[in-house]
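Let's take a walk through this structure together. Please have the sequence and the 3D view open as you read.

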Amino acid sequence: MNDLFTWAALGSLTGASAATLLATNVIGGLIGPSGDKARKWIALGFALVLSYLTAAFADDAGSEKWIIAFFNALVIFSAALGINQLPPGNRQATNASPTQLAQGREPRYIRSWV
């Protein structure tokens with residue numbers, strides 16, 4: 001049981017992203033449907049906390065670690081929410097023209113919080 005989440009795992013991109021996604025889903029589930037819009041902010045806050053905690057325990061880094069921690073939090077947030085992937089409904093069919101959107105929909109990069 002003590003191999004599921006460790007401090008070393010939380011300090012990695014994979015572990016921090018998984019913890020951010022898990023915590024956001026649990027907190028959002030407890031809040032209910034009214035908390036769906038707050039999930040993005042919860043995830044960003046959790047990613048910031050994890051990133052700054054990791055920076056606080058980094059002994060060999062200089063003062064620039066706080067700036068780097070901010071950008072690491074954005075990477076954790078993006079990985080947890082899958083922002084780097086477009087929704088499948090927004091992709092074009094192979095026989096469609098480059099200016100035509102798939103199924104005639106408006107372009108949408110993020111339809112929900114995930």
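What follows goes from the overall fold to one helix pair, then to a pocket and a few residues.

This is a predicted model, in which local features need pLDDT of at least 70 and side-chain atom pairs count only at pLDDT 80 or more, while totals for chains, interfaces and linings use all residues. Residues are numbered from 1 along each chain as its sequence is written, and side-chain values use heavy atoms, with hydrogens and water left out.

Let's begin with the fold. The protein has 4 helices and 0 strands, and its elements run α-α-α-α from the N terminus on. Here helices (H or I, at least four residues) and strands (E, at least two) are DSSP runs, numbered from the N terminus. Of the 114 residues in the protein, 25% are buried; buried means under 20% relative accessible area, exposed means over 50%, and partly exposed lies in between (1.4 Å probe, protein chains only). Contact means heavy atoms within 4.5 Å. Among contacts between residues at least 6 apart in sequence, 44% join residues at least 24 apart.

Now turn to α2 and α4. These two helices pack at an angle of about 60°, and their axes are 8 Å apart. On the α2 side, the contact is made by L13, A16, S17, T20 and L21, and on the α4 side by V75, I76, A79 and A80. Sorted by class, this contact has 7 nonpolar, 2 polar and no charged residues. For these classes, Ala, Val, Leu, Ile, Met, Phe, Trp, Tyr, Cys and Pro count as nonpolar, Asp, Glu, Lys and Arg as charged, and the others, Gly among them, as polar. As for the axes, they are lines fitted to C-alpha atoms, for helices over the stretch in contact, and angles run from 0 to 180 degrees between N-to-C directions.

V75 lies in helix α4 and counts as partly exposed because its relative accessible area is 43%. V75 and A16 are 59 residues apart in sequence and 9.9 Å apart in space, C-alpha to C-alpha. S78, also placed in helix α4, is partly exposed at 25%. From S78 to S17 the separation is 61 residues in sequence and 8.4 Å in space, C-alpha to C-alpha.

Next comes the largest pocket, with about 220 Å³ of space. On a 1 Å grid over the protein atoms alone, a pocket is an open set of points where a 1.4 Å probe fits, with protein on both sides within 12 Å along at least five of seven lines; lining residues have an atom within 4 Å of a point. Grid points are joined across faces, edges and corners, and the volume is the space filled by probe spheres set on the points. The lining has 17 residues, and G11, S51, T54, A55 and N72 lie nearest the pocket's centre. Helices α2 (13–31), α3 (39–56) and α4 (65–81) each supply at least two lining residues, and α4 gives the most, with 6 residues. The lining divides into 11 nonpolar, 5 polar and 1 charged residues.

Is S51 buried or exposed? S51 counts as buried because its relative accessibility is 4%. This residue lies in helix α3, and, leaving aside neighbours within four places in sequence, S51 is in contact with A69, F70, N72, A73 and I76.
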